[in-house]
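Hi,

Here is the structure I promised to send over.

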Amino acid sequence: MKVGWMMWTGLASLMLWTGDAGYAADFSEAEYGQLEKCTWEGDDGSVLPYRFYKPETKAGEKYPLIIFLHGAGERGTDNVGQLKNDQFLQLIFSDKGREHPAFLIAPQCPGGERWCEVDWGLPVTHQTPANPSRGMEKLHALLQQLKKDYPIDEKRIYVTGLSMGGYGTFDFMVRYPNEVAAAIPVCGGADLKKLREDPLVYTIPVWIFHGSADGAVPVTRSRGAYEILKTRNPDAHYTEVPEMGHNVWTVAYKTPGLIDWLFRQSK
């Protein structure tokens with residue numbers, strides 16, 4: 001993969017890619033086997049299936065946690081579908097990812113629910129409800145439980161997601177800014193009003209990805225979010241892949257420097 005050029009805008013960066021966009025992740029059955037099938041259960045009987053990767057740990061040490069949010073097409077209850085677009089596993093299974101031991105959860109949003117309740121048809125801006133979606137509520141409750149049960153470094157919690165999960169990533173940033181050390185929204189969109197109004201969001205390092213020819217989620221959604229964030233966030237980055245459609249995640253998670261950038265971040 002080659003970087004065509006980089007342009008600095010103030011203290012934030014805008015990057016455009018040129019080159020091959022046909023990457024596909026390739027992970028072994030042994031690696032998939034390390035993603036334990038789990039289910040969170042709420043007091044009200046609600047459930048959230050999730051896959052859980054646990055690194056080798058040492059006594060007395062704490063480790064980062066990566067949250068991955070899948071797209072709309074992977075919803076369900078089989079606890080498998082959320083791994084369909086598996087390029088995010090580069091964050092833990094690539095050579096570079098293995099240099100940074102971390103926990104990872106990949107929850108599966110039930111059919112009919114969303115990580116973020118928004119109108120996907122609007123071209124640029126939208127407003128999210130005051131309360132989180134059911135999927136987001138369950139995810140946040142799961143996170144609190146995991147922080148109690150495992151040696152997770154609460155200063156190094158990272159959230160990323162694609163498409164519907166890209167919306168969810170922005171939504172998680174806005175709703176729980178004190179719990180996010182860094183975020184990687186991929187081909188999603190944000191509530192621009194909330195981004196403008198919440199000063200805590202500007203403290204979160206963020207790297208946004210989108211394809212310029214995305215026919216599912218308008219690229220203007222990521223552009224709009226970046227235009228706001230770059231004005232006050234010294235670690236806001238935006239990578240737009242020319243002439244690429246919705247599946248920009250096939251290159252996003254292989255971006256040179258992304259993994260090292262992610263694991264440098266701490267609250």
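To start with the cysteines: is Cys-38 buried or exposed? Cys-38 counts as buried, because its relative accessibility is 13% and the cut-off for buried is under 20%. Cys-109 is buried too, with a relative accessible area of 0%. Please keep in mind that this is a predicted model. As for disulfides, the count comes to zero. For that count, a pair of cysteine sulfur atoms would have to sit within 2.5 Å.

The side chain of Lys-147 meets that of Glu-154 in a salt bridge, at 4.0 Å from N to O. Glu-154 is partly exposed, because its relative accessibility is 44%, whereas Lys-147 is buried, with a relative accessible area of 14%. Lys-147 also forms a salt bridge with Glu-179, and there the closest N and O atoms are 2.8 Å apart. That pair links distant parts of the chain: Lys-147 belongs to helix H3 (residues 134–149), while Glu-179 is in the loop between H4 and strand E8 (182–186), 32 residues apart. Both Glu-179 and Lys-147 are buried.

Then there is Glu-240 with Arg-223, whose side chains meet in a salt bridge at 2.8 Å, N to O. Glu-240 lies in strand E10 (residues 236–241) and Arg-223 in helix H6 (residues 219–229), so this pair ties together parts that are 17 residues apart in sequence. Glu-240 is buried, at 9% relative accessibility, but Arg-223 is partly exposed, with a relative accessible area of 35%.

There is also a network of salt bridges, which links Asp-44, Arg-134 and Glu-137.

How many cavities of 30 Å³ or more does a search of the whole structure find? The search finds one, and the volume of this largest cavity is about 60 Å³. Its lining is made up of 12 residues, and those nearest the centre are Thr-128, Phe-170, Asp-171, Ala-190 and Asp-191. Helices H4 (164–175) and H5 (192–197) each supply at least two residues of the lining. The largest share comes from H4, with four residues. Sorted by class, the lining has six nonpolar, three polar and three charged residues.

That's what I have for now.

Cheers

Terms used: Residues numbered from 1 in each chain as written. Predicted model: local features only at pLDDT ≥ 70, side-chain atom pairs only at ≥ 80, totals over all residues. Heavy atoms only, no water. Buried < 20%, exposed > 50% of the residue type's maximum accessible area, 1.4 Å probe, protein only. 1 Å grid on protein atoms, 1.4 Å probe; cavity = no way out; pocket = protein on both sides within 12 Å on 5 of 7 lines; lining within 4 Å. Points joined across faces, edges and corners; volume = space filled by probe spheres on them. Nonpolar A, V, L, I, M, F, W, Y, C, P; charged D, E, K, R; others polar.
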